[in-house]
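Subject: Structure for your review

Dear colleague,

Please find the structure below, handed over for your own work. My notes on its interfaces and on one ligand site follow it.

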Amino acid sequence: MSTVIDLSIVHRGAPGGEPLLRADNLVAGYLPGVNILQGCSLVLHPGELVGIIGPNGAGKSTLLKALFGLVNVRSGTLTLDGEDITNLRADVLVRRGVGFVPQTNNVFPTLTIEENLQMGVYQTPAVFKERLEVVLDLFPELTKRRKQAAGALSGGERQMVAMARALMPEPSVLLLDEPSAGLSPVRQDEAFLRTRRINRAGVSVVIVEQNARRCLQICDRAYVLDQGRNAYSGPGRELMNDPKVIELYLGTLATDVDAARATADGDGDSHPTDAKDA
Amino acid sequence: MSADPQLAGSHALPEVAEARAALAALDQVPGVAKPDPMLVADGVQRTFGGVHAVDVAHLEVQRHVITALIGPNGAGKTTFFNLMTGFDKPDSGHWTFDGVSLAGVPASRVSRSGMVRTFQLTKALSRMTVLENMRLGAGSQPGERMLTALVRPLWVAREREITDKAMDLLARFKLDTKKDDFAGSLSGGQRKLLEMARALMSDPKLVMLDEPMAGVNPALTQSLLGHIIELRDEGTTVLFVEHDMHMVRHISDWVVVMAQGKVVAEGPPKQVMDDQAVIDAYLGAHHDTDLGDDSLLDEGGRIDAEADAESEAELEEPK
Amino acid sequence: MDFGSLFTNVVAEMIGPTAIAYALAAIGLNIHFGLTGLINMGQAGFMLLGAYGFAISTIAGWPVWAAVLVAIAAAVVFALLLGIPTLKLRGDYLAIVTIAAAEIIRIVGRSTSLSSFTGGSNGLLGNSFKESFSGASPFPDGRFSLGPFTYSMNDSNSWWLRIVGWALVALACLLVYLLMRSPWGRVLKGIREDEDAVRSLGKNVYGYKLQALVTGGVLGALGGIVFTLASSVQPDSLGRPVTFNTWTILLLGGAATVFGPVLGSLLFWGALILVRGLLRGLVPETILSTQQVEQAGWVLVGITLMLLIVFRPQGLLGDKKELAINVR
Amino acid sequence: MPVQVIAPPGAHVRRRLVLLVLALLTALALPLLASGVAPARADSAGPCTPAADVACIGGTIRTAAGDPAVGVVLTIEGSGDPITATTDDTGRWSAQVPEAGEYTVTLDVATLPAGESPRDGTTTRTVTAELGKTKGALFPLGAAGAGGGATSGATPTASASTDDSASADASAAATVPPGSATDETGSGETGGAGTNRVLQLILAGIIFGTLLALAAVGANLIYGTTGLSNFAHGDLVTLGGLIAFASVQWWHLPVGVAILVAVVAGGAAGWLLNAGIFAPLRRKRIGITQQMIVTIGLALALLSTYMLFFGANPLPIVRTISTRLTIGPVQISEQSLWSLLIAGVVLGAVAWILQGTRVGRATRAVADNPALAAASGIKVESIIRGVWITAGALAALGGVLVGLYLSTIRFNTGSALLLLMFAAITLGGLGSPLGGLIGALIIGLVVELSTLVLPNDMRYASALVILIVVLLVRPQGILGRAERIG
Amino acid sequence: ACSSGGGDSESTAGSDGTSAGGSGEGGQLHFGTFLPVTGSLAQLGPPEIAGVKLAIDEINSAGGVFGSDIELTETDSSDADNAAVGIAAAQELINADVQVVIGAASSSVTKNVVDDITGAGIVQISPANTDTSLSGYSDFYFRTAPPDTVQGDVLGNLIVGDGASNVAVLVFNESYGISLRDVVQGVVEDAGGAITYGNAGQEFDPTETNFGTIVSDALATQPDAVVILTFTTQTPTIVRELAAQGWDMSKTYFVDGNLQNFGTEGETGFPAGTLTGAQGTLPGAFPAQEFQDRMKGIDPDLKDFSYGPESYDATMLAALAALKGGEATGEAIQANMAAVSGADGGTECTGWEECSGLIEDGEDIAYQAVSGVGPFNEANDPSSAFIGVYQFGEDNTYTFVRSEEGEVPAS
Ligand SMILES: Nc1ncnc2c1ncn2[C@@H]1O[C@H](COP(=O)(O)OP(=O)(O)OP(=O)(O)O)[C@@H](O)[C@H]1O
Ligand SMILES: Nc1ncnc2c1ncn2[C@@H]1O[C@H](COP(=O)(O)OP(=O)(O)OP(=O)(O)O)[C@@H](O)[C@H]1O
Ligand SMILES: [Mg+2]
Ligand SMILES: [Mg+2]
C-alpha cells in the first residue's frame, strides 16, 4: 500500500483565507416539522477538495441539495464568495459557477447522451462543441453511443453520463453525490483521479462518497456526517486512520480482505503472472 | 474452496459445505458444468439495435453457493438478470431454474418459483411505509387472495409471522427506526437496503442481487455480508452483481466474469481476480493503490494506461 | 331569498339517488385509482353498461335479482374485455383507452344499429323497467314525508331506492374498508407505486389489476342501476361528464380513503345546488338574467372545484403526508 | 325556357282550355315567385290549394335531364269523374279532388317529351287524398333501358347516378368545370359534382388530421413537459375560434389580423393559466392527478363562460361562403387550403424547434427530470411558462383554422374535439410531437374513411377502436419509446 | 308528517290541504320551467322561456288566476349529457310544490325526469318532445309539440309535390330527427321516390361538427332535394357546407327544429341570397309575425322562435285547465287539460281574456293554439296540427306560403 502523502496538497486553499462556500448551522428538511439537517456546517476554500462521508440516511445528499438550493433551508446561512445564496434558485447558482451531480435520477432518460451533455452547457451553448470533445475524451465509451437515449444505458454508463454532464460547463464549484457508485473498479479509480485532476485544475469540489476509503484518500479535508450533524472533520488521512471513524463508518472489510489476500499470496506480490485462462 | 476459511460458517448445512467444496474440482473455463446447478442458461441472446447486450452461450450457477457476477459497465449483467427473471424477453435461448424451464414465464411466476431479484436502480414503493414494503415481499399470505382478504381471521396469524420476520430483517439492515416512514423518503443507500431486505422476505431459493452494496455505507456493508453468508449457510443460493472487489473477494465462492454480453471467465475469486485478462479489462492492476498519490495525476500515468487497456480489451476480447 | 327551501334542496340532493349513484361509482373508481393506481377514465362506461344490463333484462321479463346479476355480469365482462388486453398499458395510455372504450359503448348504445335492444338514441323509458324494482319493495305504496322531504314510497326516485342505495353504499364502504386494510389491498397499493417491483416480489400484477378493475367496475354498474332507477336509460346521460364528475368527487373526498368518495359525492352535489341557488337568489335580475345565472353558476362550480383542489389537494379526508412524497 | 307543348293530334278542346288557364295562372304567379318573396296569400302557390274542405293531388315531372316536362297529361280517377291535369312550364301539375279517399293517377305516356319514359316503367300511382293537404305522386323519367338504378336506389352508395344525375342541378355544375359533370355517369364511386369519393375522403381526412394535430400539439407539449393531461385544452382551442369570430364579426378586423389576435389571446391565456393556477400548484408540489382535476374544473368554467358571452349558436368566423375549388379529382375550399397550409407550416416549425433547438431539447429535459434540469441551469419555470404560452397560442390557432374549416365555431367545438385530440397524441406516443401528427392523421383518415363501410354515427367510435387496437400492438404508441426496466 | 295514502292519480286526498289554504277560491298557481339554459341545447331555451313568460305575463296582467298571479320558478334542464343537473332541477321543482312543469326540450331529458314529476302529481307539458315513445306515457304528461306524423307528412308531400324523386336527408341521430325522417321517407317512397341518403345507418352524431364528408356523400347520390333534420346547433354549419359544395339551396327543406330567420347579418347570417327559394315547414296556423313581435317584447334578443308558440300554448292550456278545475292542483289541471284544449268540443277562443271569460261563464271552450295544434287525444298528444309552409327570400328570412292541417292517426 502506498504511503506517499503530499502534505502540500492537504492545505492547499489557504486556511484562514476567505472560504469560497460556507454553510453555517444549516437546518433543512423535506416534510414540514421534520428537520433532516440539524445544524450542519461546512467550509470549502478555493481550490479545495472536501469529502463528506457518513452512514446511510445521515443527510449527506440533503446537505448537497441544500447547498444547491434544491431543499428548503429553514435556518442557518449559506454564502458563496461572501454573498448570501440561501435558498437561491438552482439555475442562478449554475450561472454563478456551481455544478451538481445528484445521487439518483441523474440523467435525462429520453434525451440522447449528446443532448444530455448539451443540457450541461445550457446557459453557454457556444462552448458546447469544444467542451463535448474534452468530455468525451474523458469518457471514451460514451463517444460511440452519442445518439443513444440515456434511459437505455446500464447503471454505470448512466453514472458516466451524469458526471460528464456536470463537467461540461467548467464549474468553479462542483458538488458530487456518489459519483463512483455503480462504476467498475477501474472506472471508479478513474473517477476519483479525474476528480482530483479537475480539482487540481482549480475547481473546488465537495464530494459525497460511500467508497469512503477512496474518498478520504483523495480529499484535502473531510467531514463525517451523522444524523444531520457534523460528527467528525479533519484532513482525510487523519480520519481514515481514526479508529472511531473506522469502527463506526469505514468498517474493516477492505483491510481484512487485503490482509487475507496478503496471507494467501504468501508475499506482497500483487502481480501474479501465472493465471491466464481467459 | 473458500476465499476465506474463517468465514465458512460453522453451522452451515452439510450440503452447503459439500457444494462449496465441489467447486474446487471444476475447470476454470467459461460455461463449465457444475455438479449441482441451480440455474442453467443456454444460448441466451439479447440485442438492442444491433448491439449484443447479452450473448451467453452456456452458464451454470451452482446451488448453495455464493456466485458473483462481475464485468465492466455495460457488460450485460443487469440485462442478464432481466432475462432470467422474466422482465425482458431474449431474442433466443432457454434456461432452467431448479430443473424447470423458465423461458417465457412471466416475472411474477419466476419470483414465486423461488428466484427473486433486486433492481440496480431501486424500486421503492414510495407511498407505502417501509414495513409495508417488507410485508409485501412475503409469500404465501392467504390474505392476498381477494376473498380471503375479507375475512381477517384467515390471515392475521400469517400476518403476524410476516411482521416479525420483517422487523427482524429491518433491524439487521438498520432500517427499524424508519419502519413507519414512507419508503419514498429514504435516502439512496437506505433504498438499496430496503430493496435487498424486501427480496429476502420470501425466503427465495435463489436470490439475485444487482449491485446490492453500491451506495451502502462500508461499515454496514460489512455487517450485511455476514448476513448473506448466513443465508447461504442456511441453504439459499446467491447470485450477485457487484463492483466492490473487497466484497466479491470476501464472500463469493465462485466468480463469473462478463464482458460485452459474453461470459469470459469463471472461477474461484482469487484465481479470477488474478487473471490478467480480468485485471486488464476490469479491475485495473492497482485498484488498491492509494489514489492520493500525486504521481498518478500526471497525464499518461499508470491508471490512464489501464483505462485505455480496458477500452481496448473491451473491443477485442469477445470473439 | 328563501334560504329554507334552498337548504332543503341542498340536503335533498345530498341524500338523493344522484349522490348515491355517484358515491358508488366513486367508490369503484377509488378501488381503481386510489388503491391500484389505474387511471380509469371510463367509469361512466361501466355505469352505462350496468344501466343497460339491468333495464334490458328487466324488459325481457327477468326478476330484479337476475337483472342486477346481468348488470354485474355486463360490468365484469366489460372489465375483462377491456382489462385483458390493456392492463399492460401504463398510466396515461390506460386512461385514454378507458375513456375511448366508454365512449364506444355510449356511441354503440345510441346508434341505430342496436336500437331494438338499447332503444338507440331514444334510450329506454323509465316505466319499462322500474316496476320490478319498486315491486320488490316491502313498503306500502304512496307518498311519505320525512320533515321537508316528500317522496313516493316505492316509485321512481323513491324512499325505497334511497334506502337500498345507501345500503349499497354502506356495503361498498365496508368492502373497501376490509380490502384496504388487508394484504390484498397492500398488493394493490404496491402496484400503484411500482408494478415492476411488485412483480419482482412474485405477485401476479396482471391478475390483481384485473380483480381491481372488475370490482370497481361492478360498483360502477351498481351506481348506474341506481342512477337509472331515478331517471331512465339515456346513453348520453352516462357519458364523459359523468366520468369527470366521478373523478372530481373522488379527489374531492380523498383518494385511497374509505369514506372520501361518499363525502365527495355528498358535497359535490350539495355544492352544485347551493352555488347555483345562492347565485339565483342573491344576484338581481338586472345584473344577470335568470339564464345567465345558470351559466354563471357553472362557472362558479368550476372555480369552486379548482379552489378546493388548490387548497386541499389531498381531498377532504386524504392524507397530506402521502402527497408530500413526490412520485414524479 | 324550353317550352315544348306537344299536343297530340285530336286533343280535346277542354284540355286546351285547361292549359290556357294554367298558363294564365302561372303567368300571374311567376313574377311573384321570381322575385323570391312568396306572397303570404294561400291561393298563390298553385292551381290547387288545400283547404279544410279541399284536397289536392299534385306533383312535378322533370325530364331525365332535369328540365321541366311541360304539357304532360295525367288522369286522376277515384270518386267522381276522372280529372285530367297537365304540367305547366315548371313541370308542375295539380288537381283538386272532390273528397278524401283513394285515387289512381295515370300518366299519359304519349304526352311525354320525346325520348322520355317512366324510369321504373310505372305509369300509375295510387294516392290517398286528404282534406286540407296536397298529396304527391311521382313519375320520375329516365331514358328507356337505363332505368332500374334509381328505383332500387334506396341504397345510398349504389348511387342513383343514372341518367337523372344531371338533375343534380345547374348551380353545382356552375362551380365545376364542364365535362367533369358528365363523366361521372354510371361510375359507382364518383362523388358529388364529379369528384372521386375515396380521394376526396382521403383529402378530408388529411385536412382534418392536420388541423387536429395542430389543435392537439399544445396539449402534447404540456403533457411532455409537465406530465399534465390538460382537459381544458379543448377550451383553449375554442377560445381561439371565438376570439377570431369576435374580431371579424364584432370588431370588423380582416381575417388575417383576426388570426393574429386569436393567437396572441391564446398565448396570453396560456400564460395566465400557468401563472395563475399551475405554477402555484407545482410550487405547492400538488400531484399530477390533482392538477388534472383542476383542469377539469377549469374546462367547466371556461365552457360556461363562453356560453355566457357567446351563446350556444354556431358562429361563422367569416360570413361569406366560398365555394370549393376543384383540383384534379378532388375538391377543396380555399379556406381549407389555407388552413392546411398554415397548419402544415406551423407544425413543421414546432417539430423543428423541439428536435433541433436548444430550447426544444430543454423542454424535453424538463419533462424527463425537472430537478436535474434545474441543476443543469435550465430555468425550469420559464421553460414551462413558455410551453404554456406556446400551447395556448397553438391551440388558439388550431381553433381558428378548425373554425374556418368546419365553417363555424361553437362554445363547445373544442371540448367536443378533446377526446380525438387526446386519442391522436396517445396514438402517436405521448409527449412525442411528431407522433402526435401521425396519430392525428390516422384519426382523421379513419374518421373520414370509416364512412365507406360503417354507419355515419360510428365514425368517431371507429377512430377510437383503431386507437385501442394500435395500443395493443404498440403499448407505447407509434413513436413512443419503450422503457428500460431494472 | 306522514301521509302514505293511496297514490293513484285520481285521489286528491293528499292535496286537499293545499287547495283550501290558498288565497282566493282555488289557491295560487305555481308553474315551473324545465328548459335548457346550459348545455348543448341551450339555444333552444330562450324562445321557449319567452313563450312561457309571455303567457304568464298576459295572464297576470289580466288579473291572474283565482285572484293571484301565477308564480314562476325557472330551472335549467340542461342536456342529456348533464343528466344530473336536470334531475336535480326536477326535484327542486317538485320540492317547490309547483303544479305544472313546462319542459323539457329534449326527449332524453324528459325521460330522465318524467317519472318523478308525474309521480308527484305534477302536470308535465313539453313544448318540444316529439318522440313517439312518449305518447300516452302518463296521465300527467302532455305535449304541445306537433307530432312528427303531421309535420313529416306535410313536408314529404311538399317535397314530392315539388317533383323531387331522389331525396337526401341530413338527419342527426336523435329521436326528433329519426322519427321525422321515417315519416318523410314513408311519404316519398309511397309516392314513388327514394331516399338516396339519410337512410338508417346514415344518421350522424348530434354533436357532429364536421359536415364536409357527410354533405358531399349526400350530394354524391345526386338528390333532387335535401332535407335538413337537425336542431339549430348544427343547421347553420350544414347550410354553409351545402352552399360551399355548390348545392342549389332552393331545393333545401327545413323543419321546425331549425327553421330560423337567419338573415344576412349577425351571428346567424348568411350572405344574401344563400337560401333563396328554400322551404320549410313550421307548425302553426297563422302567420307568426304578430306573435313573434309579442315574444320579442319579452326577450328583445330573440332571433329564433322555435317552440316558443308551443311553450306559450302549454302555459295557457295549463292555466285554463286550472281555472276550469277550480283549484290550483296538479290533479285538477290534469283532469281538465283535454277539455280546455277542445277535446270534447266547445266554443273556440284565443288568448287568455277570451278563454278565461268563457270558462268563468261556465262554457266549454276549445282553446285555439298559437302553434296550431289541435285538442289533446287520449294519449295526451295534440290530435291535429296546422303546418305552415314557408319559403326563404333573398334576405334569408322566411315568409308564409300556406298552411295545411293534419290529423294525428289514432295509435
Ligand atoms: N432497453 C435498452 N435499449 C438499448 N440498449 C440497452 C437497453 N438495455 C440495456 N442496453 C444496453 O445493453 C448493454 C448492457 O447493459 P446492462 O445494463 O446489462 O449492463 P450492466 O452489465 O448491468 O452494466 P453496469 O455495471 O453499468 O450496471 C449496455 O450497453 C446498455 O446500454
Ligand atoms: N424526499 C424526501 N422526503 C422526506 N424525507 C427524505 C427525503 N429524502 C431523504 N429523506 C430523509 O432524509 C434523511 C437523509 O437523507 P439523505 O438522502 O440526505 O441521506 P444520505 O446521507 O445521502 O444517505 P445515503 O448515503 O444513503 O445516500 C433520510 O433519513 C431520509 O429518510
Ligand atoms: Mg445520499
Ligand atoms: Mg447493471
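**Interface of chains D and E**

Between chain D and chain E, 24 residue pairs are in polar contact, both residues of each pair being at pLDDT 80 or more. On the chain D side that touches chain E, the elements that give two or more residues are β1 (55-60), β8 (134-136), α2 (170-175), α3 (197-226), α4 (233-250), α10 (380-406) and α13 (459-473) of chain D. Of that side, α3(D) provides the largest share, with 4 residues. By residue class, the side of chain D that touches chain E divides into 35 nonpolar, 24 polar and 17 charged residues.

Please bear in mind that this is a predicted model. The distances and areas in this message are computed from that predicted model.

The extent of this interface can be stated in two ways. Counted by residues, the contact takes 76 from chain D and 78 from chain E. Expressed as area, chain D and chain E bury about 6100 Å² between them, and 48% of this lies on carbon and sulfur atoms. Three residues, D:L138, D:R319 and D:I321, supply 11% of the area that chain D buries against chain E, more than any other three residues.

As to charged pairs, the rule finds 5 salt bridges across the interface of chain D and chain E. In one salt bridge, the side chain of D:R92 meets that of E:D162, with an N to O distance of 2.4 Å.

**Interface of chains C and B**

Across the interface of chain C and chain B, the rule finds 4 salt bridges. B:K123 forms a salt bridge with C:D194, and the closest N and O atoms of that pair are 3.9 Å apart. The count of residue pairs in polar contact between chain C and chain B is 10, with both residues at pLDDT 80 or more.

**Site of ligand 2**

Ligand 2 lies between chains A and B. It is surrounded by 20 residues, of which the closest are A:S61, A:T62, B:S185, B:S187 and B:G189. Two helices, α2 (60-67) of chain A and α7 (188-200) of chain B, each supply at least two residues of the shell around ligand 2. That shell divides into 5 nonpolar, 12 polar and 3 charged residues.

Several side chains of chain A approach oxygen atoms of the ligand:

- A:T62 has a polar side-chain atom 2.4 Å from an oxygen atom of ligand 2.
- A:K60 has an N or O atom in its side chain at 2.7 Å from an oxygen atom of ligand 2.
- A:Q210 places a polar side-chain atom 2.8 Å from an oxygen atom of ligand 2.

On its own, ligand 2 has 630 Å² of accessible area, and the protein covers 90% of that area.

With kind regards

Note on methods. Residues numbered from 1 in each chain as written. Chains lettered and ligands numbered in written order. Predicted model: local features only at pLDDT ≥ 70, side-chain atom pairs only at ≥ 80, totals over all residues. Heavy atoms only, no water. Contact = heavy atoms within 4.5 Å. Buried area = accessible area lost by both parts, 1.4 Å probe. Polar contact = N/O pair within 3.5 Å; in protein donor to acceptor, adjacent residues only side chain to side chain. Nonpolar A, V, L, I, M, F, W, Y, C, P; charged D, E, K, R; others polar. Near = heavy atom within 4 Å. Areas by Shrake-Rupley, 256 points an atom, 1.4 Å probe, with all protein chains shown as cover.
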